[in-house]
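Work through the exercises below with the model open. Each task is followed by a solution in steps.

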Amino acid sequence: GAGIVGVSAARALARLGHEVVIHEQGPPAQKNKVGQVFHTRGSSHGTSRIVRRAYTDPFYTQVMVEAYPLWAELERDTSTTLIDEVGLLYLGEKTSPSMEALVRGLEENQVTHRTFTRTDVAEVSRYMVLGSSEVAVHTQEAGYVRADLALVASLADARNHGATVIIARVEDPAALLSSHDAVIVTTGAWIGRHVPQLKPVVSLQTVAHLAGRRMRSPVWIEDGPLGIYGFPAIDSHGPKIGVHASGPVIDPDAKQRVASVAHQAEIESFAMRRFGLPSATLEDVQTCLYTRLPNEDFAIGRFGKGLFYASACSGHGFKTAPWVGRVLASLVTGGDPLAAFRRIEKNFDRAQA
């Protein structure tokens, strides 16, 4: 798979001097304004993804201690500006268990942060409105990665180090072992076809832009069951807002994809509530595939001799991609890079033995 995780793994292995072939189901690569990219029917397309150190789950704050700096390394290696470090605001009730866990994880991992209330949040965002008992936890080491540029730069760097691309759908990864020493499966929403033990659920998520608004602010995530997140205005678009809560379950091969009307209404409600607007008009409504595992983690491991996989899903995928790529490269070449991260290691080959 040639999404951001697969391309990151290919890049890491190619840079180590290995012969690498990337198999991508297609359709064939298309040109857009930033270069050659693959299809928009997976999960890596679009202009932006949040990248951050802060998590309500301290475990992933620990992961990001290693993963976050690798974006700057990718920028240096490819001479490309990928990150806009505008900061992150995590919004929610001060006494919420997840908000308390967020602060605890930041403190344990010594990540610089500051907590704002409704009276002083304008210091970091003059647009954001908080309730009387809410706080906004701000971290500066966060922002958004240009997803389109990151995919193009990572793929170009892999190719510059000898990787090649074959546009073909692979139904049986094990069959590739006749001509390859190892196979890494990073098929995103299609991972359940190859590693059904993971029991992934694929949903169709809705994101939209707020019309007529140009705002420069930190990215944000709202605590709560919907997990509404968003970005400041990028390029010619207004702010981008999405809903983390699962949309309708979908077959990733389904040709018809219709954005959730309910989630569009939630996005409009959020914009009015959080930005103090009397009304909200959405534009450029889009959908993307979102893959979740039952435990909301992602998983990395081996599911047969010479067969490896990564399902960097449940919302963790893009921001950790350079790190996951490096982990996969180490696993394939005999390393044990997950010693400190056993929670995300799933090794069915070992379990069955």
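The exercises cover a sheet, a strand within it, and a pair of helices.

This is a predicted model, in which local features need pLDDT of at least 70 and side-chain atom pairs count only at pLDDT 80 or more, while totals for chains, interfaces and linings use all residues. Residues are numbered from 1 along each chain as its sequence is written, and side-chain values use heavy atoms, with hydrogens and water left out.

**Exercise 1.** Determine the strand order of the open sheet formed by 3 strands, and state which strands stand at the edges.

Solution. 
- Helices (H or I, at least four residues) and strands (E, at least two) are DSSP runs numbered from the N terminus; two strands pair if DSSP finds at least two bridges between them.
- The order is E11-E18-E17, with mixed pairing.
- E11 (183-185) and E17 (299-304) are the edge strands; each has a single partner strand, so one side of each lacks a neighbour in the sheet.
- From one strand to the next, the twist averages 25°.

**Exercise 2.** Describe how E18 is paired with E17 and with E11.

Solution. 
- E18 (residues 307-311) pairs with E17 in the antiparallel sense, over 5 bridges.
- E17 and E18 form a hairpin with 2 residues between them, and Gly306 in the turn has a positive phi of about 80°.
- E11 and E18 run parallel, joined by 3 bridges; Val183 stands opposite Leu307.

**Exercise 3.** Are the residues of E18 buried or exposed, and which way do they point?

Solution. 
- Buried means under 20% relative accessible area, exposed over 50%, and partly exposed in between (1.4 Å probe, protein chains only).
- By that criterion, 5 of the 5 residues of E18 are buried.
- Leu307, Tyr309 and Ser311 point one way, whereas Phe308 and Ala310 point the other way.

**Exercise 4.** Characterise the packing of H3 (residues 69-78) on H5 (residues 147-160).

Solution. 
- Two packed helices are described by the angle between their axes and the distance between the axes.
- Axes are lines fitted to C-alpha atoms, for helices over the stretch in contact, and angles run from 0 to 180 degrees between N-to-C directions.
- H3 and H5 pack at about 60°, their axes 10 Å apart.
- That angle makes H3 oblique to H5 (under 35 degrees is roughly parallel, over 145 roughly antiparallel, 65 to 115 roughly perpendicular, the rest oblique).
- Contact means heavy atoms within 4.5 Å; Trp71, Leu74, Asp77 and Thr78 in H3 meet Ala150, Ala153, Ser154 and Asp157 in H5.
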